[in-house]
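I went through rings, helix packing and backbone angles in turn.

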Amino acid sequence: NPNKKYVTLEECRKLLKKADLNVSDSRVAPCYAESMMSRIDTMSDMSVLQQMKYIEFLVFICRVSHEVYIGTK
C-alpha cells in the first residue's frame, strides 16, 4: 500500500514467500532487526521497534539479497 508509513516483520516474511526467494524464516528476522536504525527513546513507544520505515526497508532488501546470493560467485 503506497499510503502506509511502515512495514512489519510479518509483512516482510509474506513478501519474501510470495517472491519465492527461499530465505528461511530463521534468517528473515535477523535481516529485519539489523536493518532497523537505532531508536533513541524506545521505552516511550515500544511499537516503533516493529515499524520499519522506507529507508530501512531498502537496507532490508539489500540484506536479504545477500542471503539469497551467499555462496555464489
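My entries follow, starting with the ground rules.

**Ground rules.** I am working on a predicted model, where local features need pLDDT of at least 70, side-chain atom pairs count only at pLDDT 80 or more, and totals for chains, interfaces and linings use all residues. Residues are numbered from 1 along each chain as its sequence is written, and side-chain values use heavy atoms, with hydrogens and water left out.

**Entry 1, aromatic rings.** I looked for ring pairs, taking Phe, Tyr and Trp (its six-membered ring) with centres within 6.5 Å; planes under 30 degrees apart are stacked, over 60 edge-to-face, and the rest tilted. How many aromatic pairs does this rule give? I got two. One is Tyr-32 with Phe-60, an edge-to-face pair with 6.3 Å between the centres and 75 degrees between the planes. This pair links distant parts of the chain, since Tyr-32 is in helix α2 (residues 25-35) and Phe-60 in helix α3 (residues 54-69), 28 residues apart. I note that helices here are DSSP runs (H or I, at least four residues), numbered from the N terminus.

Next I checked burial, which means under 20% relative accessible area, against over 50% for exposed and partly exposed in between (1.4 Å probe, protein chains only). Tyr-32 is buried at 4%, and Phe-60 is buried at 0%. Phe-60 also pairs with Phe-57, this time stacked: 6.2 Å centre to centre, with 25 degrees between the planes. Phe-57 and Phe-60 are about one helical turn apart, because they are three residues apart in α3. I therefore put Tyr-32, Phe-57 and Phe-60 down as one aromatic cluster.

I tested for NZ of Lys or CZ of Arg within 6 Å of a ring centre and within 35 degrees of the ring normal. The charged end of Lys-4 sits over the ring of Tyr-6, at 5.4 Å from the ring centre.

My axes are lines fitted to C-alpha atoms over the stretch in contact, with angles from 0 to 180 degrees between N-to-C directions. α2 and α3 pack at about 140 degrees, their axes 8 Å apart. How are α2 and α3 oriented to each other? They are oblique, given that under 35 degrees is roughly parallel, over 145 roughly antiparallel, 65 to 115 roughly perpendicular and the rest oblique. Counting contact as heavy atoms within 4.5 Å, I find that the α2 side includes Cys-31 and Tyr-32, and the α3 side includes Val-59 and Phe-60.

Cys-12, Leu-15 and Leu-16 of α1 make the contact with Phe-57, Phe-60 and Val-64 of α3.

I then turned to the loop between α1 (9-19) and α2, where Asp-20 lies. Asp-20 is not a glycine, yet its phi is positive, about 55 degrees. Is Asp-20 buried or exposed? Asp-20 is exposed, with a relative accessible area of 56%. Asn-22 is found in the loop between α1 and α2 as well, and has a positive phi near 55 degrees. Asn-22 is exposed too, at 70%.

Terms used:
Helix = DSSP H or I, 4+ residues; strand = E, 2+ residues; numbered from the N terminus.
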